[in-house]
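I'm opening my notebook on a new protein today. I'll jot down what I look up as I go.

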Amino acid sequence: MATVALYNIKGGVGKTAAAVNLAYLAARDGAQTILFDLDPQGSAAFYFRIKPSRKLPGRKFLRGGRSIEKRIRGTDY
C-alpha cells in the first residue's frame, strides 16, 4: 500500500486538482484508491460529481470510528 500526500499552506496552487488526478490515474490503472479531501471547501467532491452527505471536520474524521465508512462515496471513475 502506498500513501501519497499533497500539502501546501498557500491556497490556489493546485493541490486538489493534483490529488484528484493522481487518484484517478491510480484507479484507472487498477489500484484500489481512496481520496481523503480534508480541505474545508471539499472541492474533490466537485471534481468527481458527488454530493457529500454532510460536512465532517478533518479532526473528527481522523479520529476514526464508524462515521468514516459512512462518509465514503463511490464515483463513476
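This is a predicted model: local features need pLDDT of at least 70, side-chain atom pairs count only at pLDDT 80 or more; totals for chains, interfaces and linings use all residues.

I started with the secondary structure and found four helices and zero strands. Reading from the N terminus, I get the order α-α-α-α.

Next I asked how much of the protein is buried. Of its 77 residues, 10% count as buried.

Then I checked contacts between residues at least 6 apart in sequence. Of these, 35% join residues at least 24 apart.

Which residues make up the nonpolar patch on the surface? I wrote down Ile34, Phe36, Leu38 and Ile72. Together they have about 370 Å² of accessible area. I followed up on Ile72 and found it in the segment after helix H4, which spans 66-71. Ile72 counts as partly exposed because its relative accessibility is 43%, between the 20% and 50% cut-offs.

How many does a search of the whole structure find? It finds one. The partners are Arg28 and Asp29, and their closest N and O atoms are 3.4 Å apart. A reminder for me: side chains of opposite charge can pair when their charged atoms come close.

Are the two partners buried or exposed? Arg28 has a relative accessible area of 52%, so it counts as exposed. Asp29 is at 59%, so Asp29 is exposed too. The cut-off I used for exposed is over 50%.

Conventions:
Residues are numbered from 1 along each chain as its sequence is written. Side-chain values use heavy atoms; hydrogens and water are left out. Patches are made of residues with over 30% relative accessible area and no salt bridge: like charges are joined within 9 Å, nonpolar side chains (Val, Leu, Ile, Met, Phe, Trp, Tyr) within 5 Å. Accessible areas come from the Shrake-Rupley method with a 1.4 Å probe; for residues, only the protein chains shown count as cover. A salt bridge is a side-chain nitrogen of Lys or Arg within 4 Å of a carboxyl oxygen of Asp or Glu. Helices (H or I, at least four residues) and strands (E, at least two) are DSSP runs, numbered from the N terminus. Buried means under 20% relative accessible area, exposed over 50%, partly exposed in between (1.4 Å probe, protein chains only). Contact means heavy atoms within 4.5 Å.
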